[in-house]
Amino acid sequence: GEVLVNMTVTLPDSDTVTTGSYSIDVIATSTADSTATKTLAITVNVLHKEDLTIYASDLIRRRSTDPGGTVTYLITVENLGVKAHVVNMALTGTNSAWASLNRSLVILQAGSTGEVKVTVDVPDGTSPMEFDLVVTGTFDDNDMRSDSFTVITTVNKVHGVVVELNDTTMAGAPDEPVMVTFNVNNTGNDVDTFEISVDVNDKWVTMSPSSVTLTAGANANVTVTIVAPVDPLTLAGMVYLNITATSKGNTSVMATDMLELDVEQVYGVSLKATPLRQSVDPGTNALYNITIVNEGNGRDIFILSLEGARKAWGKLGQTQITLEAGEERIIVLTVRIPSNQPVEDAEVIVNATSSGGDAVEAKATTTTTIYPFYGVTLTISNPAKPALPGKWTAFTVKVKNTGNSPDTFNFEVTCDYASWVVEMNPLTIDAGKTKNLEVNITPPSDIANGIYTFTINGSSD
């Protein structure tokens with residue numbers, strides 16, 4: 001009988017086997033009789049291997065781009081065979097929908113190469129990642145002959161942020177809290193933390209929170225409390241504040257929105273008199289330096305006026321003055337004391353009122369003490385009245401207090417005949433008033449007729 005035997009011939013790698021005819025002897029030997037043998041010669045014709053290879057033209061298989069970016073790979077397809085072939089190109093991988101080939105067929109002559117371009121378009125907002133794409137070429141006439149090459153695309157981590165104020169213009173007076181809310185939006189493609197800052201003295205700002213962590217595409221509101229200081233007092237007017245969010249992942253990435261803060265005007269005024277008190281004689285002037293200070297935070301107009309029982313005696317160098325914030329000026333107050341004015345403490349009050357309203361005012365009180373002075377005049381009302389020897393005769397002298405305060409006056413006679421005059425009692429007279437002084441004269445009984453002169457002196461006590 002007979003049996004069918006299958007024989008497989010496996011050719012070594014082409015590096016050790018060349019093309020040509022190779023003979024293989026197949027010998028069958030009986031196990032019962034070793035001399036019983038038969039040889040069959042088989043001829044194997046080794047042909048040139050038809051194959052292909054695929055590789056990167058620039059030897060770079062790994063590239064990176066940002067979300068929304070594009071990368072390209074140049075792929076070389078080489079025909080290793082001795083025949084012409086049509087190569088079908090295909091692209092597979094995790095995100096193959098993002099990629100494309102510039103052609104799906106490559107026609108290659110024996111030993112020639114062709115180039116295929118792979119374009120990868122990464123969508124906006126793609127998270128950081130790495131993905132593979134496999135480029136495969138297959139002979140159209142022999143799908144057993146194919147090769148592939150893998151390209152690797154890295155989507156970079158991108159940082160981005162947008163800051164937007166809810167209100168870009170706000171107003172508030174010094175020491176008045178102003179609440180500012182703004183939105184921070186993570187426009188990057190990964191989670192990030194953003195530090196919040198305001199380009200103003202830290203004393204102005206309270207933030208809640210001072211940083212915010214957001215996933216890609218997320219946003220959050222942040223509230224900043226801004227208080228314009230009163231020490232020193234913030235000037236009225238517009239203050240421009242930049243509110244900034246800075247990425248911790250990349251500190252060069254930041255976004256800013258500008259807040260216009262209108263610092264409202266507040267009004268204030270102070271007055272100081274130098275000196276506070278003076279003493280002068282009647283008929284003279286007392287001068288006071290009145291220092292006025294604008295205690296508000298903006299330009300203001302002040303109206304100056306006088307008050308008090310003796311305001312008519314005062315005169316100001318200016319009754320209206322314009323001052324910048326914090327500016328001070330000296331104005332002279334002149335207090336004119338009338339002649340013969342009695343002793344008193346004369347108060348003149350200076351009042352300054354702000355244009356911000358009657359409630360914004362200040363006062364400074366000056367006190368002028370009038371010195372006492374003393375004076376007296378004597379006038380005889382009946383100088384021609386005759387006197388008889390040995391007889392008592394009364395003369396009337398009008399005594400006027402020409403000083404500015406009540407006074408007591410004493411009287412004496414200075415002449416050779418002073419003994420003829422009865423002692424005179426003192427008189428107390430109010431300022432500017434007159435009283436009669438009775439002068440009693442008794443000439444001696446043996447006095448000769450004639451004119452006799454008496455000098456009466458009045459003196460302040």
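Analyst: Eight bridges tie strand β14 (residues 178–186) to strand β18 (residues 219–226), and the two run antiparallel. Two strands pair if DSSP finds at least two bridges between them. Strands (E, at least two residues) are DSSP runs, numbered from the N terminus. This is a predicted model: local features need pLDDT of at least 70, side-chain atom pairs count only at pLDDT 80 or more, and totals for chains, interfaces and linings use all residues. Residues are numbered from 1 along each chain as its sequence is written, and side-chain values use heavy atoms, with hydrogens and water left out.

User: What stands opposite Met179 in β18?

Analyst: Thr225 does.

User: Which order do the four strands of that open sheet have?

Analyst: The order is β12-β14-β18-β16, with antiparallel pairing. β12 (161–165) and β16 (205–208) are the edges; each has a single partner strand, so one side of each lacks a neighbour in the sheet. On average, neighbouring strands here are turned by 25 degrees against each other, direction ignored. Axes are lines fitted to C-alpha atoms, and angles run from 0 to 180 degrees between N-to-C directions.

User: How many bridges join β22 to β29?

Analyst: Four, and β22 runs parallel to β29 (residues 357–370). Gln278 has Thr368 as its bridge partner in β29.
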